[in-house]
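Please look through the sequence and the model shown here, and then follow the report below, which takes up some strands, helices and ring pairs in turn.

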Amino acid sequence: MTAGTIVIIGAGHAGYQLAASLRQHGFSERIALLNDEGHLPYQRPPLSKAYLKGTGGPDSLMFRPEKFYSDQNIDLISDRAVSIDRAARKVALASGTSLDYGHLVLATGARNRLLDIPNANLDSVRYLRTLDESQSLRDYITEGQRVVVIGAGFIGLEFAATARAKGLEVDVVELAPRVMARAVTAEISEFFQLRHTAAGIHIHLGVQVTSIESDGHKVTGVSLSDGRHLKADLIVVGVGVLPNVELAAQAGLPVASGIIVDEHLLTADPDISAIGDCALYESPRFGGSLRLESVQNATDHARCVAARLTGDAKPYDGVPWFWSDQGPDKLQMVGLTTGYDRVVVRGDQAQAAFSAFCYRDGRLVGIESVNRAGDHMFGRRLFAVNGSITPEQAADTGFDLKSALT
């Protein structure tokens, strides 16, 4: 059981969940949760979908009301960490004050990867990761505007679907040969490209934006690497994120494509853990190091560290799962499909209800489901017990998936 104050840097999904779980596990000493945004801790997934689409206020996104933090005796501090003194076990804050810690948890998350081309800093070039960015976009967009979305990953396509539904003219530009190429199988990519195209979204693959044109104040369009020009009143950029590792690196902690932690989510310093999007962790389940950007990963990391800090240390062994709502379709993924060598489709693509079962060396490694929540939940239960089914069973819709769980 850790003694002394636990300081958590970052109040996103991971930081919030850690504070809540520590109290649930009976931790009674001080918890200081550092929040560098001007809102109570909030959920990110709706920012590119429901929140952008709707009329609800920021309160609809909050994990808990302010009273929760006072009731749970969690010090929610609106400030930013600027440095860590590991020898003194002290965190210096932007306000000039500091916090002493018995254990420090870095839940610093990630930030948008920025465009590095001329005019990328114009007001009508927007990003979408924070509540303020989503609110600003919601206030900015109007029916009939022309928007170019740079990047056909989850955020880009979620925004594109929302913008199209609100009556905007939408072009999506993607350097890869298919949408969501780094994350899903070709079968899933093809389905979503057809769905977005049918909704009136123009998708341009295998090209990149080489310049942004403006009238001196606002965006007027973009030029593409194949010589074409697209008109635009607004540009929304979704070209990935970068983990926030600088604070850890400045403190002398090992970092790579994330803050390096072991299977217990501990850094090289036994008094410091790292969790969520910023953590590059050793995975007994998958072998090697992983850094995942998902709500599941953040919340499960937090629960694992809360248990360790209150006397129940176990290696982190979560089953990864993700989701993306794009227009009327829900994409759900479970497992990790890196290096798959065979895909078996279960269900009916024409009916917009199917799953791609991904295999490597004959073993099921991941399931990507479109509007088939049952397949997704089956996968979560199956992978939790390290189970598998054969490709023939996956392809046979008459095969009862539940029978593989008994």
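This is a predicted model: local features need pLDDT of at least 70, side-chain atom pairs count only at pLDDT 80 or more; totals for chains, interfaces and linings use all residues.

Residues are numbered from 1 along each chain as its sequence is written, and side-chain values use heavy atoms, with hydrogens and water left out.

Strand 16 is also joined to strand 9 (residues 125–127), by three bridges, and these two strands run parallel. Val236 of strand 16 is the bridge partner of Val149, and Val236 is likewise the bridge partner of Arg126. In a regular strand the side chains alternate between the two faces of the sheet. In strand 16 (residues 234–237), Leu234 and Val236 point one way and Ile235 and Val237 the other way, and all are buried, buried meaning under 20% relative accessible area, exposed over 50% and partly exposed in between, with a 1.4 Å probe and protein chains only.

Helix 4 (residues 131–140) has Leu131, Ser134, Leu137 and Arg138 buried. These residues lie on the same side of helix 4 because they cover an arc of only 130 degrees around the axis, the arc being that of the directions from the helix axis to the C-beta atoms. Among the elements that cover them are helix 2 (50–53), strand 9, helix 5 and strand 16, with contact meaning heavy atoms within 4.5 Å.

Helix 5 (residues 154–165) has twelve residues and reaches 17 Å from its first C-alpha to its last, close to the 16 Å expected at 1.5 Å a residue; the expected span is 1.5 Å times one less than the number of residues. The buried residues of helix 5 include Leu157, Phe159 and Ala163. Just after helix 5, Gly167 takes a positive phi of about 90 degrees.

Where in the chain does Arg113 lie? Arg113 is found in the loop between strand 8 (110–112) and strand 9, and Arg113 is partly exposed, with a relative accessible area of 39%. Apart from neighbours within four places in sequence, Arg113 is in contact with Tyr127, Val239, Gly240, Val241 and Leu242.

The structure also holds eight aromatic pairs, a pair being two rings of Phe, Tyr or Trp (its six-membered ring) whose centres lie within 6.5 Å, with planes under 30 degrees apart counted as stacked, over 60 as edge-to-face and the rest as tilted. Two of the pairs involve Phe191, as tabulated here.

| Pair | Centre to centre | Angle between planes | Class |
|---|---|---|---|
| Phe191 and Phe192 | 5.2 Å | 90 degrees | edge-to-face |
| Phe191 and Phe354 | 5.3 Å | 70 degrees | edge-to-face |

Elsewhere, ring pairs link Tyr16, Phe63, Phe68 and Tyr69 into a cluster.

Technical notes: Helices (H or I, at least four residues) and strands (E, at least two) are DSSP runs, numbered from the N terminus. Two strands pair if DSSP finds at least two bridges between them.
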